[in-house]
Structures are given as structure tokens and as C-alpha cells.
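Reader: I would like to learn how to read a few features in a model. Can we take them one by one?

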Amino acid sequence: MWKIKKTTASLHRVAVLLGVSVLTFTGLVGCKSEKTKSDKAMLYVPEKGTSTATGSAIATGSALATGSSVQVGEDEYKLEVARKKNYQDRFVDTAKMEYTAVESVYIDDEGAVLDHMKVKKGDHVEKGDVLAVYHVEISKAKLEKDRILTEQARSNYEVGLKSLENQLSLLQKAYKGLKNTAEGKQKALEIKQLQQQIKTYRLGEKEVKEQEKAYRQKLARRHKTNLYAKKSGTVVATAKSSEGDRIEASKEVVRMRKGDRWLLKVPDPEGKLRYNMKVNICFGSSIRRAKKVCTGRVKTASDLTGVETTDDSGESEVYIKVKKSDRERLDFEDQTIYIKAVSYELRDVILVREEAINSESTDYSNRYFVYKWRDGSIHKRYVVTNFHNEQGYVIEQGVEEGDQLVLTMG
């Protein structure tokens, strides 16, 4: 986003004192001109009734050397000489490790309360090890309701089964005296169909048994209950809950990884990191003190597919792959990790400090300009600039290498 910087009041005061009018223009030319100096494109189309010049003297004084100051009346301004430099759009942010083969463990019961966490980050656990101890808080009314529903399910099943078995018994008795007749053949077919129906009906008892088991577990879980590991692995993270805290059924209690494969995950809300881009990986207590330890490659393809990976708040993130040799050689677990990269670079461009850039508002946009010191005078000059960051502003038109620019001072 553009930073808008107003011209200091002191420079306008100089213009008023000397009685020289400042020229105004509209309409920015958005690219570099390939014309000769005598046929150069105007930076702004002049408004009706104004001159077509792109700069005019607003103060005078003696010739100055590079790096000195301009004294105009009571005000003093420092100068900067415009130079060609390399402009870089840099990226830097903290990264976290994220293992690729992970499994989350949850407590499925509603009303669960954590009694004790038995593992911590970095612990290796085997299948069947206890990860945490908890109990379930449930009201007597809820328990009574579940008991009634469970007993009713069992009763309905038994009644239905008994009815089918009685029908089968009656058919079998009727069939005994009719074995070799046409009616007997019909009864035999009905018996076979009913036997199949009973067989299918008995499969429904499994659901009833599961309901009874769930009720018994609910009774047992009112007291301390163990949460077991279903697989072997290494603990990556545990719930940030204290003993006695209620655990929601959808909340992760323990996260475990299988193996040592991982990627680095870093936020990239401005989309500066591109697929397969090389980045520097640094360790340090702060960004200033972070030192490069190795390099990595961006492995998120959002710039190719248009599909972004985002965090819980919706911010874009990317994944960075680290070479296996670097993963084995360096200790990433206990470090603050920084990712540094150059998103893009412009070479040999006019780059000036922010203090040299001024702006004025029009009906449709903001016009940028600088004050030049030339031949003992201060001149206002409109400029074209499309890139800027903490390094300064890239000037595409309006300033040439060696120009002396006045730095505005508050």
C-alpha cells in the first residue's frame, strides 16, 4: 500500500515568501519513456490554464557540494544525491516445524474433565500406553434417561425376535402333515423365508449390544478413565489444559507423529513466496541476530494452482522443504526459526530515501514529486514511482543519477 507523505509546511512557506507559483498537473504516465531527452513524455498532463513545464525554481541560493545542506531563509534542508542501486523486495518471518505423518487423539465423551496428562512433547509411546487420565461429569437425570433407552432397546429386540420364532414354530407344525402335497411345498417355502428373516433380524442385536456397552462405559467413566495410545509414535504436542479443565469432544488432546518427516510452515499473507523458490533458513533469538544455517525450497503450489493453504484465522501459509542432510545435521526442535528470502529484485535503478518523496492529492489519485537543488535553486519535479519499501522509492521518471534532492524535514 502506498504511504502518503505531505510536503512540509516550511517548503510551502518558502514558495509563498518568494511569490513563485507551484505548477500543477494531472494524469500519470505509468511506464518509462523510451524517447530522447528533447522529446521526453510529460509526467503529468497539465490542467487547463497552466504551463506545461514539469519543474520550476522556488528558491535560490549559492551552489552546493554533495552532502551539504540548503539554507533558505530560516529553514535548513539536507541534500541527498540520487544514485543507482539494487532494489529488493525482502521476506522475513518465523517458521514452525510440522510433521507430515501425524495422528490426533481425542476424548470422544461429552463433559470430559482432564485429571492428569501422562505424556509431554518429545515422549515416545507404544501402542496401549496411557496418554492421559480423565473422568466424565454426567447428571443423574441423563444417566437415568440413557438407562431407560438402553433397556427399551433390549426389550424391543427380544419381543420382535420372540414373535418371529413363534411364527416359525407354527409353520413347522403345520408343515408336518403336508410334506408331500402342493400346500406342503408352499409351507416349506414360507418356512425357508421366515428362517432367513430371523437370521437377518438377529444381526440387529449387535447395535443393541453396542448401546448397552456405551451405557456401561458411561457409568464407568464417571470415575477415572485412561486414554490409551492406539499406535506407537512420538508426542508432538499436548492440549494446553490444566488438571480439572473441561475438554471439548472435538478438542485434540495429544498429537503424535510416526517417523521423522517434516516441513517448515511459515505465514505468507502477501504471497511473496513462490513455488520452488530458494529461501534462507536462519536460527536466532531475534530477526536481527538470526544467522543462516541452511537453505530450503518452497513446496506450496498456490501460485500455480490458485489454491491456498491457510491457518485457522484464514491467513495464507506456505511449506518449505529442508534437505535430509540438513534435518539430520541441525537441531530444529529447540530453535527459533526464521525464513529470509528476496521475493524479487530490480538492478541498477534510481533509489531515493522516503524523506525525499512528497505528494499532493488530486480528484483521482496522488501525485508524487521531489525538490531538486540545481544551479543554486530549488526546483519542484514530478516523478513516477511504482515500487517502495523500507529501502526507499524506485524512481522511474523524473530523477536522474547525480541529481541533488532536498530531504524534507519536520
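Author: Start with a pair in a helix. Glu144 and Arg147 are three residues apart in helix α2, so about one helical turn separates them. Keep in mind that this model is predicted.

Reader: Why does a spacing of three or four places matter in an α-helix?

Author: An α-helix has 3.6 residues a turn, so residues three or four places apart point the same way. Here, Glu144 and Arg147 form a salt bridge. Their closest N and O atoms are 2.4 Å apart. Glu144 is partly exposed, at 37% relative accessible area. Arg147 is partly exposed too, with 26% relative accessibility.

Reader: How many residues does helix α2 have, and what does it reach from its first C-alpha to its last?

Author: Helix α2 covers residues 140-176, which is 37 residues. The span is 55 Å, close to the 54 Å expected at 1.5 Å a residue.

Reader: Which residues of α2 are buried?

Author: Among them are Leu143, Asp146, Thr150, Ala153, Arg154 and Tyr157. Leu161, Leu164, Leu168 and Leu171 are buried as well.

Reader: What do the buried residues of α2 pack against?

Author: They pack against α3 (182-202) and α4 (205-220). Arg154 is one of the buried residues of α2. Arg154 also belongs to a network of salt bridges, linked with Glu158, Glu205 and Glu212.

Reader: How many salt bridges does a search of the whole structure find?

Author: The search finds 25. Compare two further cases. Glu270 and Lys272 meet through their side chains, at 3.6 Å from N to O. Glu270 is exposed, at 64% relative accessibility, whereas Lys272 is buried, at 16%. The other case is Arg347 with Glu345, whose closest N and O atoms are 3.5 Å apart. Arg347 is exposed, with a relative accessible area of 56%. Glu345 is partly exposed, with 30%.

Reader: Now the cysteines. How many disulfides are there?

Author: First, the idea. A disulfide is a covalent bond between the sulfur atoms of two cysteines. To count one, look for two cysteine sulfurs within 2.5 Å. By this rule the count is zero. Cys282 is in no disulfide, and the nearest cysteine sulfur, in Cys294, is 8.6 Å away.

Reader: Next, polar contacts to the backbone. Which backbone oxygen lies 2.8 Å from a polar side-chain atom of Thr385?

Author: The backbone oxygen of Val394. Thr385 sits in strand β23, residues 377-389. Thr385 is buried, with a relative accessible area of 4%.

Reader: Where is Gln391 placed?

Author: Gln391 is in the loop between β23 and β24 (392-397). Gln391 is partly exposed, at 25% relative accessible area. Its side chain has a polar atom 3.5 Å from the backbone oxygen of Asn86.

Reader: How many residues apart in sequence are Gln391 and Asn86?

Author: They are 305 residues apart in sequence. In space, their C-alpha atoms are 9.7 Å apart.

Note on methods:
Residues are numbered from 1 along each chain as its sequence is written. This is a predicted model: local features need pLDDT of at least 70, side-chain atom pairs count only at pLDDT 80 or more; totals for chains, interfaces and linings use all residues. Side-chain values use heavy atoms; hydrogens and water are left out. Helices (H or I, at least four residues) and strands (E, at least two) are DSSP runs, numbered from the N terminus. Buried means under 20% relative accessible area, exposed over 50%, partly exposed in between (1.4 Å probe, protein chains only). A polar contact is a pair of N or O atoms within 3.5 Å; within protein, one must be able to donate a hydrogen and the other to accept it, and residues adjacent in sequence count only if both atoms are side-chain atoms. The expected span of a helix is 1.5 Å times one less than its number of residues. Contact means heavy atoms within 4.5 Å. A salt bridge is a side-chain nitrogen of Lys or Arg within 4 Å of a carboxyl oxygen of Asp or Glu.
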